[in-house]
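Student: Can we go through this one together? I'd like to see how the terms get decided.

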Amino acid sequence: MTASLADERRVQRLDMHVHMVGNGVAGSGGWLRLSGWHRWLAGFMLRQLGVPASALEGDLEAIYAEHLGKLARESSMDAVILLAHERVHDPDGTPREDLGSMFVPNDVVLGLAKTFPEFLPGVSIHPARRDALDELERCLEGGAVLMKCLPNCQNIDFSETRFQRFWERMAESGLPLLAHTGGEHTVPVINAALADPRLLRFPLECGVTVIAAHCATKSGAFDRDQFDAWAAMLREFPNLYGDISAMISLNRCGHLRDCLRAEIAPRILHGSDFPVPVLGHRMWLQGWIDRATFRRCQEIRNPLERDWQFKLALGFSEEIATRTTGLLRQ
Ligand SMILES: [Zn+2]
């Protein structure tokens, strides 16, 4: 690699929180099971992205990946981290196919990252799986750059000491953990208490670089807001970060401007949480941005770019998108 190519790589702009969605129609082994509110929400999200809701019955993986690849290429981002989605597991490591709303196997994102240069693979492994360490090795060989979990939706208690070897192997291999923290409304919750950022102490002590998704903010009116608990942990753990994904929204934007504070800003990473809708209305109504800025950003059709432009307008620096590269396993 020449020096200029190496420089280019170092200053890559990344959206580090983008979901893969699929229904397994083409044989990936994944599935999507939506009912009631979640089915309505999925159809709504697809339509506002320009994908017909009928894609839910077709080869959704292929339709979604093509559409997302195009959005990424047409945005200010150089690449996005595309996330797999693990199944719910019992504490003894039994997968629960009857719970949860979707399963995106690791091979789906590992495979797509080989075809699409704008995708980097973020895998998802329940640490209680009987083959958790083997799956971790397989994913490392396959080029995983990050590992994502939703502890409250997948039933993972990060603080369990029996996961020590798993966290140590992640730390050794330089694979960061992206952990959902705070409330959740787009995927069914199994145990809300597991979204507490304080449970991340154990993987942090094992040396893992941990990114708390959504900075432990609340999603709905009845969730607990754990932003302050997360912010206090930043002082103690230099290997702890937070992403501001899904925070350009009506329900999760409350702490966005707190993330600009001098002691917090250096730990903030840019993610969109695509395909979660990007809505800046409340930021305008609260006077954080003026009407012209709101309209300019809200009218951007590409949701990846809309999310990014709202963040720049709020005063976030380019570094929130370039900082991630240095934290990933390369
Ligand atoms: Zn997410």
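Predicted model: local features only at pLDDT ≥ 70, side-chain atom pairs only at ≥ 80, totals over all residues.

Student: Which residues in helix α5 are buried?

Tutor: In α5 (residues 132-141), they are Ala-132, Glu-135, Leu-136, Cys-139 and Leu-140. To be called buried, a residue needs under 20% relative accessible area.

Student: How do you know that the buried residues line one face of the helix?

Tutor: Look down the axis of α5: the buried residues fall within an arc of 140 degrees, so they line one face. They pack against α4 (106-115), β5 (119-123) and α7 (164-173). The face turned away from that buried side carries Asp-134 and Glu-141, which are exposed; exposed means over 50% relative accessible area.

Student: Why are α11 and α12 called roughly antiparallel?

Tutor: The axes of α11 (residues 291-298) and α12 (residues 303-314) cross at roughly 160 degrees. Angles over 145 count as roughly antiparallel, and therefore this pair gets that name. The axes come within 9 Å, and the crossing is right-handed.

Student: Which residues in α11 meet α12?

Tutor: Thr-293, Phe-294, Arg-296, Cys-297 and Gln-298 do, and on the α12 side the partners are Arg-306, Gln-309, Phe-310 and Ala-313.

Student: And which residues of the largest nonpolar core touch the most other members?

Tutor: Of its 85 residues, those are Met-147, Trp-167, Leu-177, Trp-230 and Leu-256. Helix α3 (residues 60-73) gives the largest share of this core, six residues.

Note on methods:
Residues numbered from 1 in each chain as written. Heavy atoms only, no water. Core = buried A, V, L, I, M, F, W, Y, C linked by side-chain atoms within 4.5 Å. Buried < 20%, exposed > 50% of the residue type's maximum accessible area, 1.4 Å probe, protein only. Helix = DSSP H or I, 4+ residues; strand = E, 2+ residues; numbered from the N terminus. Arc of directions from axis to C-beta. Contact = heavy atoms within 4.5 Å. Axes fitted to C-alpha atoms, helices over the stretch in contact; angles between N-to-C directions. Parallel < 35°, antiparallel > 145°, perpendicular 65-115°, else oblique. Left-handed = near helix turned anticlockwise from the far one by under 90°.
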